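This report describes selected local and overall features of one protein model. Please keep the sequence and the structure in view while reading.

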Amino acid sequence: MRIATPPIAIPANVLDIIDTLHTHSFQAFVIGGCVRDSLLGLTPKDWDIATNATPQQMQAIFAKTHTIITLGERFGTIILLPHSTTKPLAQPTTKPAHTSPTPNPPTIEITTFRLESTYSDNRRPHSVIYTDNLLQDLMRRDFTCNALAYNPHLRHKHSSNEQKVDSSAYALYHRYLPYIRDGICDYTNGLDDLATRTLRAVGDANARFSEDALRILRALRFQATLDFALESSTRAALLANAKKLAAISAERKQEEWSKILYAPHIAKALIGYGAVWAEVFVEFSKPLVTLDLRPSERMIAALATLEALNSSRDSALFGGDSALRDKAGSLWLAASIDAQVLSPCSPLHNPTFSSQNLESQSGFTKQVQNLESTFQQSYHSPTAKQAIAVQGEAAAGFFRTPRILEEDERASCEKTTDIQSVASLEKVDSRGNALLSSLRENPQGFSWQSIQTKTQNLESIFESPTANQKQPQSKKVDSREKVDCCTTAAAARNDRKIAASEKVDSGLALRLSLWFYALDSSLEQATSCLKALRYKSRIIKLTELLLSHANLPSSQSLESTRILAKTLGLESLALIATFLATLHGKPYAAPLYTHIATIQAQNLCYNRTSLAINGKDLATIAACLGIALHGREIGRLLDTLLDEVICSHLPNTKHALFARAKELIQA
């Protein structure tokens, strides 16, 4: 069985490098994951090139057209960054069919064909030996699906419609012709394995895992992300070499595990591989061994929740009622499969759902799909409608990191046209464009009342004046004002990067918390494990926060929610609500979401910042009474006033707070 091999769309700057190497009589192929992903219909994240040119020869060829990074030179690898003002060499006069309209990758990694010496640390070879034979290079790779090389000029050698290289360049590839099909050099039968979604080691599987033990986790990640199945001998070798993971750095194990946590088929990387994960999570070696025997109901429920969570699409976050229905459906699905909800449609009460189903390649995912089908059939029932209607404010953004306090950090540059043009550089920023586009097209998809107004204000900063508006007269702008505006724009970009990073951290912490909850972990065990894997402190703190509130009672009052928000912050409390929904079901978390939405919508006071009085006001009142207050005393007074506003219904107005503050100071 062969996988269909449509033309692989190569970015223009990658094709330019291949053409340039051909011009200098060197072989060149795109290779590895970019070929695999293209054939699977996925968008490659990176484009790697393999060539018989040495790093020194590559540097001589591209020195005038690219910035060259040589950190990996001793392993035969250099990285090219194109000069933005220089025209690439070998620019085709007409655009070939195999070039891609997608943006060019910012960097391109080129590696010399190589052989590798022995591995002593189960991670890296002692040395590399260059070769001019691609087939030898392919045989050193990990899996057959990654041992595929593609040259667009060899796809249709005899077609007059395709751009050709000269005959001497074709002579370079003569030895590979028996293994080339539609431009793909397949020396290890990787195309057959792609067609059947089989993950097979290249050559001797035991040797491949002994050389680099990280390949064990990579194999499980490919199973989870690409829905592949391990070939039997490869699986046996993987389990036999699991102990060698002890030689792998914590950072590498952390990276692979974090990727698996976002995989849509995470159960395939865990069920049956407890012996492997016992080497990663040493503190949980005993409960993880049960993954090879019979996973607990809590583990099954957690994995189903993670698969549902990871299979959701961002597009469902936008749009009208249908999008809200889809999102509510995901919530309902997560609730129904949780071990503690035990709903009639839960897999825990489904007689056809058992650990035996997990032995098949797709049994686990099919159970989730069956639940989704059940939801579609029962969506219009009164119970479902009632569940969906519970606080749409919260439900609209349930399965992403809640941004309850969504605030626009962009500062307006209301200077002259010249300064506005400097600020308009923000419009080029891809994240900003994505935000503006989604909000402009689907403002109803966001439930926060102020977001549309903020978007309009944001657009007014960056959009040029219309033709019927009076153009301001140009005048000389002080250079200091330009610098200030540029600084503001840079700060806004930095704020967005920080916000995006925090969102990623929250999503990862949510998944880590689900995992440790499934293991019935104590807070101390989870913290120790995260530190051992070198997770950054913010993720550790967020995970601790979620696990410590895993059993927060559902019957929260508005007053108790405001007290929690005072201690934790509203965004952290919203993340806790999301965690509770994934553990105990949406109805369990609905009261907490209701109160969070009420606090935000009514602008209720819950922290010092939202008090109508501040420390300076207290110091002024005390001074009028002839009393000197120190910093700690002011802080205690503010906390007392805040508690009374929250619990005693003291109005959060300056008049009421000034009067009460005077009483407290005098007392």
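## Two loop residues with positive phi

In this predicted model, Asn 189 lies in the loop between β12 and α6 (190-195); helices (H or I, at least four residues) and strands (E, at least two) are DSSP runs, numbered from the N terminus. Phi of Asn 189 is positive, about 60°, although the residue is not a glycine. Asn 189 is partly exposed, because its relative accessible area is 44% (buried means under 20% relative accessible area, exposed over 50%, partly exposed in between, with a 1.4 Å probe and protein chains only).

Asp 182 is found in the loop between β11 (180-181) and β12 (184-185). Its phi is near 55°, a positive value in a residue other than glycine. Asp 182 has a relative accessible area of 27% and is therefore partly exposed. As background, most residues other than glycine have a negative phi.

## Basis of the values

Residues are numbered from 1 along each chain as its sequence is written. Because the model is predicted, local features need pLDDT of at least 70 and side-chain atom pairs count only at pLDDT 80 or more, while totals for chains, interfaces and linings use all residues; side-chain values use heavy atoms, with hydrogens and water left out.

## The chain as a whole

The protein chain contains 30 helices and 14 strands. Of its 667 residues, 50% are buried. Contact means heavy atoms within 4.5 Å; among contacts in the protein chain with a separation of 6 or more, 74% are between residues 24 or more positions apart.

## Helix α10

How far apart are the end C-alpha atoms of helix α10 (residues 250-261)? They are 16 Å apart, which agrees with the 16 Å that its 12 residues should span at 1.5 Å a residue; the expected span is 1.5 Å times one less than the number of residues. The buried residues of α10 are Ala 250, Lys 253, Gln 254, Glu 256, Trp 257, Ser 258, Ile 260 and Leu 261.

## Val 276 in helix α12

Val 276 lies in helix α12 (residues 274-280) and counts as buried because its relative accessibility is 0%. Leaving aside neighbours within four places in sequence, Val 276 is in contact with Ile 216, Leu 217, Leu 220, Leu 238, Leu 239, Ala 242 and Leu 245. One of these pairs, Val 276 and Leu 238, is separated by 38 residues in sequence and by 8.5 Å in space, C-alpha to C-alpha.

The axes of helix α25 (residues 558-568) and helix α27 (residues 586-601) come within 10 Å and cross at roughly 75°; axes are lines fitted to C-alpha atoms, for helices over the stretch in contact, and angles run from 0 to 180 degrees between N-to-C directions. The angle makes α25 roughly perpendicular to α27 (under 35 degrees counts as roughly parallel, over 145 as roughly antiparallel, 65 to 115 as roughly perpendicular and the rest as oblique). Leu 558, Thr 561 and Arg 562 of α25 meet Leu 592, His 595, Ile 596, Thr 598 and Ile 599 of α27 in this contact.

Helix α28 (residues 615-624) packs against helix α30 (residues 654-666) at an angle of about 55°, with the axes 10 Å apart, so α28 is oblique to α30. The contact is made by Asp 617, Leu 618, Ile 621 and Ala 622 of α28 and by Lys 654, Phe 658, Ala 661, Lys 662 and Ile 665 of α30.
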